[in-house]
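Morning, everyone. Let me put the structure up, and then I'll walk you through it.

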Amino acid sequence: MATSSKTNRTTRKLLWTLFWCVLAFIYLFPYTWMVLTGFRHGVDTISMPPRFIFEPTLAGFKHLFEVTGFQKYIINSAVVTIVSVVLVIGVSAPAAYALAHVSRRGGALLVAILIARIIPAIAIGVPVYLIATRLHQLDTYQALVVINVAVNIPFAIWLMRSFFMEVHPTLREAAISDGCSEWQVFTKIMLPLVLGGMLATAVFVFIGVWNEFLFALILTTSVSPTAPLAMLGFRTQYGVQWDAVGAAAFLVSTPVIVFAFIMQRYLVQGMTMGSVK
Amino acid sequence: MTISQTVPRDGIAVRRHRRIRISTVVWFTLPAAAIMALVLGVPLVYSFYYSLTGWSLVVPGSDQDFIGLLNYTDILRSSEFWASIRVTLIYAVVAVSLECALGILFAVLLNLEFFGRGLFRSLMLIPMVITPAVVGIFWKLLYEQDSGVFNYLLGTLGFEPVPWLSLTVALASVIIMDVWQSTPFFTLIILAGLQSLDRDTVSAAQADGANALQVFRYLTLPHLVPYIMIAAAFRIIGVMADFDKIFLLTLGGPGNVTTTLSVYAYNTGFKVFDIGRTTAISWIYVVFVLAISAPLIWRLFRGASVNRH
């Protein structure tokens, strides 16, 4: 009896595993196809029938770097993203701490943060463009960094605040009565405790800035366009070089996928701004 | 847990603490608040001012042209605007409903027992994080009518090729693309809900003779409702602001069948260069989105004020 129910269970598990292999293969097909396109000769992609089995090549990557100059886009993306992430975390962490532990209210600021988070980017696109023009900051790293920092601060404060809230308030109260200043409590006690959450927030901001498209479209032309913007270049190009597009898509999407995997434990909390744990 | 807050302190200490508190809160939040005010607040105010002018970049001197609410009344009377509202609403309602349904299904399936469950849970997240601009350009390749792989696969199954990016089908194609990318978001959150479901309650119900369907209908689903609501609320806000994917796939076309509010605002600003009008659209857009997301803002805010230790 016992063995047969155990075999039954194993069989069921095996069947569901098989089912998931098929479902995942179908569901992820667009992604797989994208990756394959990057490693396949362009003519094989648009030939009919499409080649599922082909001789892999790095021609797309070669074209991408030697003809398209894609390294410039990747470097721009890396610079803008890394600088933005550092600034966002640096500015948001103290605010998140203060709103979690020091202030009992701070209600107006919390509502302002939520509204700032929810307002669609395109709603400030035109004035941001006009102001950047007036300040002669079009097509610069600074402009992209400033706007990306501002756009991500509300999210970062809100999420980090939820991590700070997990620290029990008596810890801070004890430290304060022992004579610690608020800044010491923040740097010496709180930061080490929420380091994981802070890293997770940094990764989410990284993904957000790395994927950002609209402000790059509005604010940049030739000097500081980022990698997502290169996709638009491919689109308007006559006679698309699909192997290069596939290679570019692979290079742009891989870092964010890897980061998401690393941070999977925090994904739910991050995606819902801390409202689901 | 809340002892430290309820133990009364002597008046002097409380007053001293409060004064310190106010100034630290200000110093700790000032940099972030200042950046938000300058970089997000100022443009919004600017844009409200521009929306009352007839400023067009192609008409010199028109930025001084103060025309009151004319832009707003014009927009509310234009058929293009209402067409974009219609597209946005169809896109939002259909995409989010499908994502909800598929998300529940995938979450339940991922919650079963099978080998490599963790791996599949990870793999199914991939679409969610791919750069939207990349998704847009790539689905354009998949959707190509003559050389696209979708039509090839349909052909091998014996179906006629579908004109994916044509007048009649394009909006559906945009929705399918978004369902593909955003269903994992629902799966992720609903799966978190499933994992927090108390197993003992389920076993008790089963012991009382409830079948799988009854357990799902009367135990699992009610438990999942708040998770579904949160996911849907976040996704609705996301859908409202969606731009990159649609822009890369269709540029809002053909005609204006996939021109959502965001694409419409972009085109008015950066193709027609009508500043007065596009800022007015932006303001209508902001009010529209805030009205729709008010319940979520309220929920998040209330949650934030109560979930202390």
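**Loops, helices and the chain contact**

Start at A:Asp139, which is partly exposed because 15 other C-beta atoms lie within 10 Å. The cut-offs: 20 or more other C-beta atoms within 10 Å of a residue's own is buried, 12 or fewer is exposed, in between is partly exposed, and C-beta atoms are placed from the backbone. A:Asp139 sits in the loop between helix 7 (122-134) and helix 8 (141-165) of chain A. Helices here are DSSP runs of H or I, at least four residues, numbered from the N terminus. A:Asp139 is not a glycine, yet its phi is positive, about 60 degrees. Most residues other than glycine have a negative phi, and most peptide bonds are trans.

A word on what you are looking at. This is a predicted model: local features need pLDDT of at least 70, side-chain atom pairs count only at pLDDT 80 or more, and totals for chains, interfaces and linings use all residues. Residues are numbered from 1 along each chain as its sequence is written, and chains are lettered from A and ligands numbered from 1 in the order in which they are written.

Over to chain B, and the loop between helix 12 and helix 13. B:Leu251 is in that loop. Its phi is positive too, near 55 degrees, and B:Leu251 is not a glycine. B:Leu251 counts as partly exposed because it has 17 C-beta neighbours inside 10 Å. B:Pro254 lies in the loop between helix 12 (244-250) and helix 13 as well. What is the peptide bond from B:Gly253 to B:Pro254, cis or trans? It is cis, with omega near -5 degrees.

Move on to helix 13 of chain B, residues 261-270, where we find B:Phe270. B:Phe270 has 16 C-beta neighbours inside 10 Å, so it counts as partly exposed. B:Ile137 is 133 residues from B:Phe270 along the chain, and their C-alpha atoms are 21 Å apart.

Now the two chains together. How many residues does each chain bring to the contact? Chain A brings 83 and chain B brings 80. In contact means that the C-beta atoms of two residues, placed from the backbone, lie within 7 Å. On the chain A side, helix 14 (residues 242-262) gives the most, with nine residues. That side has 67 nonpolar, 12 polar and four charged residues. Nonpolar covers Ala, Val, Leu, Ile, Met, Phe, Trp, Tyr, Cys and Pro; charged covers Asp, Glu, Lys and Arg; the others, Gly among them, are polar.

Helix 2 (residues 29-38) of chain A packs on helix 7 (residues 132-143) of chain B at about 95 degrees, with axes 10 Å apart. So helix 2 of chain A is roughly perpendicular to helix 7 of chain B, a label for angles of 65 to 115 degrees. The residues of this contact are six nonpolar, no polar and no charged. From helix 2 of chain A come A:Pro30, A:Trp33 and A:Met34, which meet B:Phe138, B:Trp139 and B:Leu142 of helix 7 of chain B.

Last stop, A:Phe39, in the loop between helix 2 and helix 3 (42-46) of chain A. A:Phe39 counts as partly exposed because it has 18 C-beta neighbours inside 10 Å. Leaving aside neighbours within four places in sequence, A:Phe39 is in contact with A:Pro56 and A:Thr57.

Conventions
Helices (H or I, at least four residues) and strands (E, at least two) are DSSP runs, numbered from the N terminus. Axes are lines fitted to C-alpha atoms, for helices over the stretch in contact, and angles run from 0 to 180 degrees between N-to-C directions. Angles under 35 degrees count as roughly parallel, over 145 as roughly antiparallel, 65 to 115 as roughly perpendicular and the rest as oblique.
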